Amino acid sequence: MEHPSPAPSTGETLARQIQPLIDALPRDDNRAVAAVDLLLREALARRASDLHLECKRDGMLVKMRLDGRLHVAARLGLDWRDALLTRLKVMARLIVYRTRTPQDGRLEVEWEGRPVPCRVSTLPTLHGEKVVVRLAESRQAEMNLRDLGMDEDLQDRVGRLLDASQGALLLTGPASSGKTTTIYAMLRAIHQRRGESANIVTLEDPIEADLGIVSQTQVEAEQGLTFESGLRSLLRQDPEVIMIGEIRDAATAQIAIQAALTGHLLISTVHSGRAPGVFVRLIHMGVEPFLAASAIRAVLAQRLVRRLCPDCRQPRSSREQGPLPAPFDTLETWWEPQGCPRCASIGLQGRIALFETLEVDDPLRELILERAPEVRFRELLDAQGWEGLTRDAKAKIAHGLTSPQEAMLCLA
């Protein structure tokens, strides 16, 4: 059988497009200013999430993260290095001469008639400082549940959970899997359902986007405002809905679970591989099983996969190609990337989320109360025919939103 062909690489294409633009800049005193502006504009135009400048022995490597993957955008000589680093530090209001300790700052870029906030991070390395610019997702604060890739059934289930007056709705997934964007969409949905009278508060590190409809608070650990202390303060603000960016320690976990039991709807994230692992993770943090079993209403896990370009995707069928490998071997038709001018000849453009939702029922509560290991949760779910992320992946492959190879990478 023929397996799905890999998507074309963007690395060479991106470098061929951006390197000549850098090389063509006039060699004058404004060259570094022009180069930084050009790189930021090109990154925003391509909807990059991050811009990397890495110092090497013989020069500097410029990279952009597009749809979750890093690609080389340009290779610059030693004569560029100090000037580009200084320019970015000045823009981010960092201390220019401080090169041996990390620094964090912020800058704004004017793009399509609006300011785009960016975070700047520096890190000392063997051959000089590495700088990463995190570019804010322009639509992050505007997306709704449908935009994320939730089907109607999942939107209805999440909507019922968001209507609850108390309990915890927890999200999990690896870093950069879109959890914050999903939470922002949930907060927008709550605001639309409950109106301006609702008291919705957040505690974030960092605040990714200004929602404009809820009270958002930035964690400032150096000033004594941690997740733990901030959550204690939030509870004195008469909140109805509390969003905590992440439950990352035992103290925060215990206060959050108690809040979910005492008349607050709590939305937060917990780092775990898949949805069943969240229960085990919280118990390991010291949350009593009977509290977790009572407080948690549902866990939502997600991954991001790259979207197929709708202009050039190519249909395939099991009759022509042979069956796909498991777990997609039951699919009779699917689509693969091809490449066209719209998608820069890679066949993929943008990303969409895969979801799995686990609502807590009596059998799950019994396992939580027993402090069962994650394997026991998986055995129960397998016996119930629960497919998790695989179910959503199959649906999105069948509808031509992503390819089997992209979904397989996500499920690995």
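Helices are taken as DSSP runs of H or I with at least four residues, numbered from the N terminus. On this basis, E152 of the predicted model is placed in helix α4, which covers residues 152-162. The relative accessible area of E152 is 62%; because the exposed class begins over 50%, E152 is assigned to it. E152 also belongs to a patch of negative charge on the surface, where it gathers with D151, D153 and D156. Residues in such patches have no salt bridge, and the pairs described below therefore concern other parts of the chain.

Side chains of opposite charge can pair when their charged atoms come close. Over the whole structure, the search returned 26 salt bridges.

The closest N and O atoms of E54 and K130 are 3.7 Å apart, which falls within the 4 Å cut-off for a salt bridge. E54 is located in strand β1 (residues 50-56) and K130 in strand β6 (residues 128-135), so the contact ties together parts separated by 76 residues in sequence. The two partners fall into separate accessibility classes under a scheme in which buried means under 20%. E54, at 10% relative accessibility, is buried, whereas K130, at 25%, is partly exposed.

A second salt bridge is formed by the side chains of E208 and R119, with an N to O distance of 3.3 Å. This pair, too, links distant parts of the chain, its members being 89 residues apart. E208 is found in the loop between β8 (200-204) and β9 (215-218), while R119 belongs to strand β5 (residues 114-125). Both residues are partly exposed: the relative accessible area is 23% for E208 and 24% for R119.

R378 and E374 form a salt bridge in which the closest N and O atoms are 3.0 Å apart. Both are part of helix α12 (residues 374-383), and because they are four residues apart, about one helical turn separates them. R378 has a relative accessible area of 33% and is partly exposed; E374, with 26%, is likewise partly exposed. Elsewhere, salt bridges with shared partners connect E54, K56, K63 and K130 in one network.

Terms used. Residues are numbered from 1 along each chain as its sequence is written. This is a predicted model: local features need pLDDT of at least 70, side-chain atom pairs count only at pLDDT 80 or more; totals for chains, interfaces and linings use all residues. Side-chain values use heavy atoms; hydrogens and water are left out. Patches are made of residues with over 30% relative accessible area and no salt bridge: like charges are joined within 9 Å, nonpolar side chains (Val, Leu, Ile, Met, Phe, Trp, Tyr) within 5 Å. Accessible areas come from the Shrake-Rupley method with a 1.4 Å probe; for residues, only the protein chains shown count as cover. Lys and Arg count as positive and Asp and Glu as negative; His and the chain ends are not counted. The place of a charge is taken as NZ of Lys, CZ of Arg, CG of Asp or CD of Glu. Helices (H or I, at least four residues) and strands (E, at least two) are DSSP runs, numbered from the N terminus. Buried means under 20% relative accessible area, exposed over 50%, partly exposed in between (1.4 Å probe, protein chains only).
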